[in-house]
Amino acid sequence: GRSPLHMVSAWAVENHLSLGQVATDAKSNEITAIPELLKLLDLEGAVVTIDAMGCQKEIATGIVREKGEYALAVKENQPHLYEDIGRAFDEVLEDGEPGVDFTTSQTEEVRSGRQETRTCCVITNPAGIRDMGLWTKLTAICMVASERVINGVPSHEVRYFIGSVAGTAEEYLRWVRGHWGIENSLHWVLDVCFREDDQRHWAGHSAANLAWIRKLALSLLKAEPTSKAKSINRRRHLAGWRDDYLLQILAQIP
C-alpha cells in the first residue's frame with residue numbers, strides 16, 4: 001500500500017559510473033531532490049545535463065556556482081523560454097544568419113530497422129530571450145531535430161535546450177545524446193537485468209540502500225575488463241557460477 005520509491009541519480013556518461021543518488025521526498029518531486037544530489041558531486045569541469053524537470057533557474061545557478069556547466073532541456077514547463085527559443089531558430093532558419101553566431105551538425109544512424117537523422121543547431125549569445133539575465137551564464141540555445149523511420153513509419157521531433165557553454169553544435173549534440181545514457185545504460189539495465197521495478201522492499205531505508213547496491217554492482221560489472229563482449233546478464237550469471245570471476249569483479253574496489 002505504500003507508494004514506490006523515486007530516486008534521482010547522477011550518471012557519468014563517459015565512464016558508465018553511478019556517482020550518487022537522492023530519494024525524492026514523499027510530498028515533493030525531482031525539483032527539490034536535484035539540488036541535494038548536485039551538492040554531493042564535484043562539478044568542476046563537468047557538463048551537467050538534466051531533462052526538462054530540472055530546467056530551473058536555481059538549479060542552473062547552483063551548477064555554475066560549483067564551477068560546472070549545464071545543458072538543460074526546455075519544454076512547455078518554461079513557456080516564455082520555450083517560445084523565445086523556437087522563435088529565435090525560426091528567424092535564423094528563415095532569414096539567414098547575418099550577425100548571428102550559428103553552427104550546425106548532423107548525424108545519421110541506421111540500426112535494426114531504425115533510421116534516424118539528427119540535426120543540431122546552436123546559437124551562441126542569442127537575442128530576444130525574455131528574462132535571459134535571470135538564467136545564470138545562459139550562453140547558448142540549442143535545437144535538435146530528429147527525423148526517424150522505424151519499420152517504415154516516419155516521425156519527427158524537435159527538442160530545445162539551453163546551455164552555459166559557448167560550444168559548437170557538434171559538442172551540444174554529443175552532450176544531448178550522451179544524456180540518454182542514463183536511460184539506456186543505467187535505468188533500463190537495472191530493470192531488465194536486476195529486475196529493479198519488481199522489488200518490493202519497504203522496511204526502513206532498505207529500498208534506497210538496495211538501489212545503491214545494485215548501482216554499485218552494475219558499475220563493477222561494466223568496469224570488469226576481461227568480459228567486454230559479454231552482456232551484463234551473462235556477467236551476473238558468471239559471478240554466481242565462478243568464484244574466481246566474482247573475486248575479479250570485487251577486486252576492483254580499492
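With which residue does R148 form a salt bridge? The partner of R148 is E157, and the closest N and O atoms of this salt bridge are 2.9 Å apart. The model is predicted, so that local features require pLDDT of at least 70 and side-chain atom pairs count only at pLDDT 80 or more, whereas totals for chains, interfaces and linings use all residues. Residues are numbered from 1 along each chain as its sequence is written, and side-chain values use heavy atoms, with hydrogens and water left out.

A salt bridge is defined here as a side-chain nitrogen of Lys or Arg within 4 Å of a carboxyl oxygen of Asp or Glu. By this rule, 16 salt bridges are counted. Relative accessible area is used to class residues as buried (under 20%), exposed (over 50%) or partly exposed (in between), with a 1.4 Å probe and protein chains only. R148 is buried, at a relative accessible area of 15%, whereas E157 is partly exposed at 30%. A second pair is formed by R118 and E116, with closest N and O atoms 3.3 Å apart. R118 has a relative accessible area of 9% and is buried; E116, at 3%, is buried as well. These residues belong to a network of salt bridges that links E109, R111, R114, E116, R118, R148, E157 and R177.

A further salt bridge joins the side chains of K137 and E69 (2.7 Å, N to O). Because K137 lies in the loop between strand 6 and strand 7 and E69 in strand 4, this pair ties together parts that are 68 residues apart in sequence. K137 is partly exposed, with 40% relative accessibility.

Helices (H or I, at least four residues) and strands (E, at least two) are DSSP runs, numbered from the N terminus. Buried positions in helix 3 are L81, D84, I85, G86, A88, F89 and V92. An α-helix has 3.6 residues a turn, so residues three or four places apart point the same way. The buried residues of helix 3 pack against strand 4 (69-74), strand 5 (101-111), strand 6 (114-124), strand 7 (140-150) and strand 8 (153-163). Just after helix 3, G96 adopts a positive phi of about 95°.

L220, in helix 6 (residues 206-223), is buried with a relative accessible area of 12%. Apart from neighbours within four places in sequence, L220 is in contact (heavy atoms within 4.5 Å) with I249, Q252 and I253. The C-alpha atoms of L220 and Q252 are 7.1 Å apart in space, although these residues are 32 residues apart in sequence. I253 lies in the segment after helix 8 (243-250) and is partly exposed, with a relative accessible area of 44%. Together with L246, L247 and L250, I253 makes a nonpolar surface patch of about 350 Å².

Zero disulfides are present in the structure, a disulfide being a pair of cysteine sulfur atoms within 2.5 Å. C55 is in no disulfide, and the nearest cysteine sulfur, that of C142, is 13 Å away. C55 is buried, at 0% relative accessibility. C121 is likewise in no disulfide, the nearest cysteine sulfur being that of C120 at 6.6 Å; C121 counts as buried at 4% relative accessibility.

Definitions and conventions. Patch = residues over 30% accessible without salt bridge, like charges linked within 9 Å, V, L, I, M, F, W, Y side chains within 5 Å. Areas by Shrake-Rupley, 256 points an atom, 1.4 Å probe, with all protein chains shown as cover.
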